[in-house]
Every structure is written in structure tokens, then in C-alpha cells.
Amino acid sequence: MSQDEFTKLFKYMSERFDTVDAQFSKVTSRFDGLEKMVDKVIKNQDIDGDERLIMGHQLDRLDRWVHDLADKIGYKLTI
């Protein structure tokens with residue numbers, strides 16, 4: 001292979017690799033965006049789960065208080 005052919009081949013391959021690298025960069029940036037969105041959704045689900053757990057405990061406590069109060073005043077609750 002002559003020097004001129006090698007230079008042409010090297011230039012061609014460099015251009016192709018540059019094109020492929022540019023496409024990979026676009027794909028990588030898209031995946032980064034998707035990863036951030038998924039992380040945000042998971043974080044929101046964790047927060048929602050914690051809040052629901054707390055609300056459930058609060059409702060249980062209020063229900064217990066209402067029943068205790070009803071028992072003290074002699075009122076029968078029907079459910």
C-alpha cells in the first residue's frame with residue numbers, strides 16, 4: 001500500500017469514526033436525560049409511599065381516639 005493510499009484510508013476512517021462518535025454522543029445524551037427522568041419518578045414514588053404510610057398511621061390514631069371517646073361518653077359507633 002502506497003503512502004497516498006494509506007493517507008486516503010486514514011482520512012476516510014477518521015471521518016467515519018468522527019461520524020460514529022457524534023451519533024454515540026447524541027444517544028448518550030438521550031440516555032442521560034432518560035436516566036434523570038427515571039430517577040425523578042422513583043424519588044417521587046418513594047416520597048409518596050412515605051407520605052401514605054404517615055397518613056395511614058395518623059388515620060389509625062384518629063380512629064382509635066374517636067372510638068375511645070365514643071366509649072367514654074357511652075355512644076355506640078356503627079360502621
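Modeller: A helix here is a DSSP run of H or I at least four residues long, numbered from the N terminus. One thing to keep in mind as we talk: this is a predicted model.

Colleague: Thanks! In which helix does Gln-45 lie?
Modeller: A helix is a DSSP run with a number counted from the N terminus. For Gln-45, the run that holds this residue is helix H1.

Colleague: Is Gln-45 buried or exposed?
Modeller: Exposed means over 50% relative accessible area. Gln-45 has a relative accessibility of 54%, so the residue counts as exposed.

Colleague: How many Å separate the C-alpha atoms of Gln-45 and Asp-4?
Modeller: Along the chain, Gln-45 and Asp-4 are 41 residues apart.

Colleague: Let's turn to the aromatic rings. How many aromatic pairs does the count come to?
Modeller: Rings pair if their centres lie within 6.5 Å. By this rule, the count of aromatic pairs comes to one.

Colleague: Are the rings of Phe-6 and Phe-10 stacked or edge-to-face?
Modeller: A pair of aromatic rings is described by the distance of the centres and the angle of the planes. Planes under 30 degrees apart count as stacked, and those over 60 as edge-to-face. The centres of the Phe-6 and Phe-10 rings are 6.5 Å apart and their planes are at 25°, so this pair is stacked.

Colleague: How many residues apart are Phe-6 and Phe-10 in helix H1?
Modeller: Both Phe-6 and Phe-10 belong to helix H1, which covers residues 3-73. Their spacing is about one turn of the helix, and in residues that is four.

Colleague: How far apart in space are Leu-34 and Phe-6, C-alpha to C-alpha?
Modeller: Leu-34 is found in helix H1, and Phe-6 lies in helix H1 too. In sequence, Leu-34 and Phe-6 are 28 residues apart. From C-alpha to C-alpha, their distance in space is 42 Å.

Colleague: And the charges: which residues gather in the patch of negative charge on the surface?
Modeller: Residues in a patch have over 30% relative accessible area. One member is found in helix H1, namely Asp-48, which counts as partly exposed because its relative accessibility is 39%. The patch of negative charge is made of Asp-46, Asp-48, Asp-50 and Glu-51.

Definitions and conventions: Residues are numbered from 1 along each chain as its sequence is written. This is a predicted model: local features need pLDDT of at least 70, side-chain atom pairs count only at pLDDT 80 or more; totals for chains, interfaces and linings use all residues. Side-chain values use heavy atoms; hydrogens and water are left out. Rings of Phe, Tyr and Trp (its six-membered ring) pair if their centres lie within 6.5 Å; planes under 30 degrees apart count as stacked, over 60 as edge-to-face and the rest as tilted. Helices (H or I, at least four residues) and strands (E, at least two) are DSSP runs, numbered from the N terminus. Patches are made of residues with over 30% relative accessible area and no salt bridge: like charges are joined within 9 Å, nonpolar side chains (Val, Leu, Ile, Met, Phe, Trp, Tyr) within 5 Å. Accessible areas come from the Shrake-Rupley method with a 1.4 Å probe; for residues, only the protein chains shown count as cover. A salt bridge is a side-chain nitrogen of Lys or Arg within 4 Å of a carboxyl oxygen of Asp or Glu. Lys and Arg count as positive and Asp and Glu as negative; His and the chain ends are not counted. The place of a charge is taken as NZ of Lys, CZ of Arg, CG of Asp or CD of Glu. Buried means under 20% relative accessible area, exposed over 50%, partly exposed in between (1.4 Å probe, protein chains only).
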